[in-house]
Amino acid sequence: MTTSEPTSETDVEVTVNGRRHRHRAPSRLLLSDYIRDTVGLTGTHVGCEHGYCGACTVLVDGDAVRSCLMLAAQVSGAEIRTVEDLAPAGSDSLSPMQQAFHDNYALQCGFCTAGFLMTLESVDPSRYETPEQVVELLSGNLCRCTGYHNIVAAVTEAWNLSRRRGGSDYG
C-alpha cells in the first residue's frame, strides 16, 4: 500500500496587472506557476527554480520578488505586476525601458529580459546614477547570452531620458 501526501487547496485572490483573480489552488502551488498556468500570463519565466537567476521576478505590492520562491497562497490579497503590464494598455508601443532595451540590443534570446525589466520597475532610478550602481542593482539577474554592457547602456539611456523629461517615466 502506498501513501501519498494529502492534497490541500486554498483560495487565492489577487490582483494581477489591475485585474482581480480568484481561484482555488493547491496550497503548494508556486506563484510563478499560478501566474503562468492559472492566470495565463507567460511573460514571467522560470529559469532555475531556486531564486538565483531572477528570470521569474514580478512585483508584489511594489516589491520585486522571485515568484519561484513564493507560494501563491502567500500573496493572497496582494497586487501583482508582471512584465505584461509594462507597455501602455491597448497600444502597440513599448514602455520607455523596453524601448531602450530594444534600441540598445540589450537582449538576445529574451528569456531573462522580463526579470530585468521587473527588477528595474521596482526601484527609484534617482538612487542609481552610475553604471557601477546599475550593475550592482542588477546583480541578482542573470543573463547567459549578453555581456551586460548593452543592458547597462539601455538602463542608463532610459533613466537619463526620463530625468531630462522631468522624471515622469520612473520613480
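A residue is termed buried when its relative accessible area is under 20%, exposed when over 50% and partly exposed in between, using a 1.4 Å probe and protein chains only. The model is predicted, so that local features need pLDDT of at least 70 and side-chain atom pairs count only at pLDDT 80 or more, while totals for chains, interfaces and linings use all residues. Residues are numbered from 1 along each chain as its sequence is written, and side-chain values use heavy atoms, with hydrogens and water left out.

Helices (H or I, at least four residues) and strands (E, at least two) are DSSP runs numbered from the N terminus. Helix α3 comprises residues 113–121. Eight of its nine residues are buried, so α3 is largely enclosed by the rest of the structure. The buried residues of α3 are T113, A114, G115, F116, L117, M118, T119 and L120. Their cover includes strands β3 (57–60), β4 (63–66) and β5 (79–81), together with helices α2, α4 and α5.

Contact is defined by heavy atoms within 4.5 Å. In α2, M97, Q98 and F101 meet T113, F116, L117 and L120 of α3. By class, this contact has five nonpolar, two polar and no charged residues; Ala, Val, Leu, Ile, Met, Phe, Trp, Tyr, Cys and Pro count as nonpolar, Asp, Glu, Lys and Arg as charged, and the others, Gly among them, as polar. Helix α2 (residues 96–103) packs against α3 at an angle of about 135 degrees, with the axes 10 Å apart. The two helices are therefore oblique, given that angles under 35 degrees count as roughly parallel, over 145 as roughly antiparallel, 65 to 115 as roughly perpendicular and the rest as oblique. Axes are lines fitted to C-alpha atoms, for helices over the stretch in contact, and angles run from 0 to 180 degrees between N-to-C directions.

Rings of Phe, Tyr and Trp (its six-membered ring) were paired if their centres lie within 6.5 Å; planes under 30 degrees apart count as stacked, over 60 as edge-to-face and the rest as tilted. This rule gives two aromatic pairs. The rings of F116 and Y148 have centres 6.3 Å apart and planes at 55 degrees, so this pair is tilted. F116 lies in α3 and Y148 in the loop between α4 (131–137) and α5 (149–164), 32 residues apart. F116 is buried, with a relative accessible area of 1%, whereas Y148 is partly exposed at 29%. The rings of Y128 and W159 have centres 6.1 Å apart and planes at 35 degrees, so this pair is tilted. Y128, in the loop between α3 and α4, and W159, in helix α5, are 31 residues apart, and both are buried.
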